[in-house]
Amino acid sequence: MKHTKIIDLLSGKGLLHEVKAKGWVKTFRNNQFIALNDGSTINNLQCVIDLDKFPAEQLKKIHTGAAISVRGTLIESKGAGQSVEIQVEHLKIYGEANPEEFPIQPKKHSLEFLRENAHLRIRTNVFGAIMRVRSTLAFAVHKYFQENGFFYFNAPIITGSDAEGAGEMFRVTALDLNNLPKDEEGKVDVREDFFGKTTNLTVSGQLEAETYAMALGSVYTFGPTFRAENSNTSRHLAEFWMIEPEVAFINLDENMDLAEDFIKYVIRYTLDKCKDDLVFLDKRLTEEEKNKPQAERSDMSLLNKLNFVLDNNFKRVSYTEAIDILKGSKPNRNKKFKYLIEDWGADLQSEHERYLVEKHFKCPVILFDYPADIKAFYMRMNEDGKTVRAMDILFPGIGEIVGGSQREERYDVLLEKIRTMGIDEKELWWYLDTRKFGTAPHSGFGLGFERLVLFVTGMTNIRDVIPFPRTPQNAEF
Ligand code: 4AD
Ligand code: MG
């Protein structure tokens, strides 16, 4: 007999029939009630055991975490809290979980403790909910683009270019580090390496995606990206997933429209598909907030925040306006910011972004037209000669969630920029070719997938929304 997913049993499939369920024990109460979970839903199936029917030896093996199979009749439940339950007639134990050793016990564990047990934390309600939401969001990403005429483009993971020009890259090499080949000058001879040149893990698939947008029209990437930035924050990972749409013949305003529509779509889709998980995460956040001082508590619950984003337009503000607001802001005048805003041209830190979003506008904000000096080489220069057509989308509690721009499509302007920024133009010959042959205005952006998952789940540390986080000094599992 095949087993049925608990999510289906709970919705009444097989009612009054003999059914089989398999999963892991959450709790075993009074030697009579097993709460069984198989990961298909946050909700457990109540399995009712008739003590006399089963040997005590067998029942002794049922502990939190054990894997079991139960067979019996699915009946309507008289108990509160569930609609159906299974009257167990057959019970099989696949694997026990010794309560003296199994770290995940039915009590509250700290997120730090669970991070150290990332291979088992998925057995908890909270991580089950987060990872189902993450999976649903990923599906929604593909669904949105596929239904809107975009093609899925797979950017290479190993690259010879530094797309962001930030130099925070992981080197890829097959050389023996204990016996490095040297050139005439005594430097490491990369010609002897696997690719015959210096290679890195990609920091962004954008440059390659641009070449595809210049033929397929609308493309998107969705894959892992790597940054060796030594920022030990709750918003940074060394390995994270990024979604990068790139579209021919659209300008920055249309790029903003796309980003806003896309983000709202995936949130709406997930709200609809993951109701039970989000209700659970909403309660979790409310509980957690109770431990915070009143002033730090959010005035909206998780579900309210998600709906708020759906119901309101993102506020579009130029960098110059934002600087004026920040300059005159209370924390700037009272020297409360770590980095005080004095002049136009300053790079915005997360404290400034969060002030704009959380205190000033109190809604998602799209900042645009940044100083050219603080942005990447590929962004389109404005008529003023000092700002570029860049945009960042800032979210409450998160800060920057999207970075994007209209690209510099004019060959001469781009080449000049590459030279003045001291970038090796020889490495970018293929990128420059797109501007030589059939160049056209085009735009795109990158959304950090984990930052989106953070926002939607109401979690506060990015390490808790990716299965096995990679951060400085940590690559366990
Ligand atoms: O702003 P970034 O660096 O932009 C780019 O990489 C462009 N090439 C995107 C494009 O236009 N196609 O990164 C984009 C987003 C950020 O807004 C942030 O959400 C996320 O990627 N991100 C990170 N997420 C987690 N950990 C990190 N270390 C991240 N760095 C960036
Ligand atoms: Mg950015």
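Start by selecting Glu408 and showing what surrounds it: leaving aside neighbours within four places in sequence, Glu408 is in contact (heavy atoms within 4.5 Å) with Tyr378, Met379, Arg380, Met381, Val413, Leu414 and Arg435. This is a predicted model, in which local features need pLDDT of at least 70 and side-chain atom pairs count only at pLDDT 80 or more, while totals for chains, interfaces and linings use all residues. Residues are numbered from 1 along each chain as its sequence is written, chains are lettered from A and ligands numbered from 1 in the order in which they are written, and side-chain values use heavy atoms, with hydrogens and water left out.

Is Glu408 buried or exposed? Glu408 is buried, because its relative accessible area is 2%; buried means under 20% relative accessible area, exposed over 50%, and partly exposed in between, with a 1.4 Å probe and protein chains only.

**Next stop: salt bridges**

A salt bridge here is a side-chain nitrogen of Lys or Arg within 4 Å of a carboxyl oxygen of Asp or Glu. How many salt bridges does this rule give? The count comes to 29.

Now pick Glu427 and Lys197, whose side chains meet in a salt bridge at 3.3 Å, N to O. This pair links distant parts of the chain, 230 residues apart: Glu427 is in the loop between α12 and α13 (429–436), and Lys197 is in the loop between β8 (171–172) and β9 (199–201). Glu427 is partly exposed at 31% relative accessible area, and Lys197 is also partly exposed, at 32%.

Then jump to Arg316 and Asp257, a salt bridge whose closest N and O atoms are 2.9 Å apart. Arg316 lies in strand β12 (residues 315–318) and Asp257 in helix α6 (residues 252–273), so this pair ties together parts that are 59 residues apart in sequence. Arg316 counts as partly exposed at 30% relative accessibility, and Asp257 counts as partly exposed at 41%.

One more pair to click: Glu57 and Lys60, with side chains joined in a salt bridge at 3.0 Å, N to O. Glu57 counts as exposed at 53% relative accessibility, and Lys60 is exposed too, at 56%.

Select residues 275–289 (helix α7) and 302–311 (helix α8): their axes come within 8 Å and cross at roughly 115 degrees. The axes are lines fitted to C-alpha atoms, for helices over the stretch in contact, and angles run from 0 to 180 degrees between N-to-C directions. Which residues meet here? From α7 come Leu278, Val279, Leu281, Asp282 and Leu285, and from α8 come Leu302, Leu303, Lys305 and Leu306. Sorted by type, the residues of this contact are seven nonpolar, no polar and two charged.

**A patch on the surface**

Show the surface and pick Ile157, Ile158, Phe194 and Phe195, which make a nonpolar surface patch of about 400 Å². Zoom in on Ile157, which is in the loop between β6 (151–152) and β7 (158–159). Ile157 counts as partly exposed, at 34% relative accessibility.

Select Lys362, where phi is near 55 degrees, a positive value in a residue other than glycine. Lys362 lies in the loop between α11 (350–361) and β13 (365–371) and counts as exposed at 52% relative accessibility.

Gln473 also has a positive phi, of about 65 degrees, although it is not a glycine. Find Gln473 in the segment after α14 (449–457); at 85% relative accessibility, Gln473 counts as exposed.

Finish with Phe468, which is found in the segment after α14 and is partly exposed, with a relative accessible area of 35%. What does Phe468 touch? Not counting residues up to four places away in sequence, Phe468 touches Ala118, His119 and Phe477.

Note on methods:
Helices (H or I, at least four residues) and strands (E, at least two) are DSSP runs, numbered from the N terminus. Ala, Val, Leu, Ile, Met, Phe, Trp, Tyr, Cys and Pro count as nonpolar, Asp, Glu, Lys and Arg as charged, and the others, Gly among them, as polar. Patches are made of residues with over 30% relative accessible area and no salt bridge: like charges are joined within 9 Å, nonpolar side chains (Val, Leu, Ile, Met, Phe, Trp, Tyr) within 5 Å. Accessible areas come from the Shrake-Rupley method with a 1.4 Å probe; for residues, only the protein chains shown count as cover.
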